[in-house]
Amino acid sequence: QVQLVEFGGGLVQAGGSLKLSCVVSGRTFSLNRVGWVRQAPGKDRAFVADMGWSSGGARYADSVQGRFTISRDSAKNTVFLQMNSLKPEDTAVYYCASIPSGGSITVNYRGQGTQVTVSS
């Protein structure tokens, strides 16, 4: 089993920034890619970003490319999502997740989610 716990959501004005953190524990040796998916009310889950757990190599959704940055502190088993130039359409619950295939909404483990709300 793998456990993921997110921190850092909140309310921010459009154009602002937030940084999400995700602490990963358990059978981390089994992980391929770890990243973030999000789900807005009434919408389907959407891929945001991921990176190789051992190898790095970030991948982003077109909607966040150039605004969001995923990174990792290997010593602390923590993954980050720096979100800049936030837009109201970024409002969603953000889930840290193990994403086996990469660039996908299919996850095998995920956290409890953290709410990000961007006001216009």
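Aspartate 90 is buried, with a relative accessible area of 1%. Buried means under 20% relative accessible area, exposed means over 50%, and partly exposed lies in between, with a 1.4 Å probe and protein chains only.

Some ground rules. This is a predicted model, where local features need pLDDT of at least 70, side-chain atom pairs count only at pLDDT 80 or more, and totals for chains, interfaces and linings use all residues. Residues are numbered from 1 along each chain as its sequence is written, and side-chain values use heavy atoms, with hydrogens and water left out.

Back to aspartate 90. Where does aspartate 90 sit? Aspartate 90 is in the loop between β8 (78-83) and β9. Strands here are DSSP runs of E, at least two residues, and helices are runs of H or I, at least four residues; both are numbered from the N terminus.

Now its partners. The side chain of aspartate 90 makes a polar contact with the side chain of arginine 67, at 2.7 Å. A polar contact is a pair of N or O atoms within 3.5 Å; within protein, one must be able to donate a hydrogen and the other to accept it, and residues adjacent in sequence count only if both atoms are side-chain atoms. The side chain of aspartate 90 also has a polar contact with the side chain of arginine 38, at 3.0 Å.

So look at arginine 38. Arginine 38 is in strand β4 (residues 33-39). Buried or exposed? Arginine 38 has a relative accessible area of 10%, so it counts as buried. Its side chain also joins that of tyrosine 94 in a polar contact of 2.8 Å. Leaving out residues up to four places away in sequence, arginine 38 touches several others, including Val48, Phe68 and Ala92. Contact means heavy atoms within 4.5 Å.

Next, the disulfide. A disulfide is a covalent bond between the sulfur atoms of two cysteines. Here it is counted as a pair of cysteine sulfur atoms within 2.5 Å. How many are there? The count comes to one. Cysteine 22 and cysteine 96 form the disulfide, with sulfur atoms 2.0 Å apart. Cysteine 22 lies in strand β3 (residues 18-26) and cysteine 96 in strand β9 (residues 92-98), so the pair ties together parts that are 74 residues apart in sequence. The torsion about the S-S bond is about -80 degrees, so this disulfide is left-handed. Cysteine 22 is buried at 0% relative accessibility. Cysteine 96 is buried too, with a relative accessible area of 0%.

Strand β3 brings us to a sheet. Four strands form an open sheet in the order β1-β3-β8-β7, and the pairing is antiparallel. Two strands pair if DSSP finds at least two bridges between them. Which strands stand at the edges? They are β1 (2-7) and β7 (68-73), each with a single partner strand, so one side of each has no neighbour in the sheet. Six bridges join β1 to β3. Leucine 4 stands opposite valine 24 in β3.

Last, two loop residues. Asparagine 77 lies in the loop between β7 and β8. Its phi is near 50 degrees, a positive value in a residue other than glycine. Asparagine 77 is partly exposed at 26% relative accessibility. Serine 85 is in the loop between β8 and β9. Serine 85 is not a glycine, yet its phi is positive, about 50 degrees. At 39% relative accessibility, serine 85 counts as partly exposed. And serine 85 is one of the residues that aspartate 90 touches.
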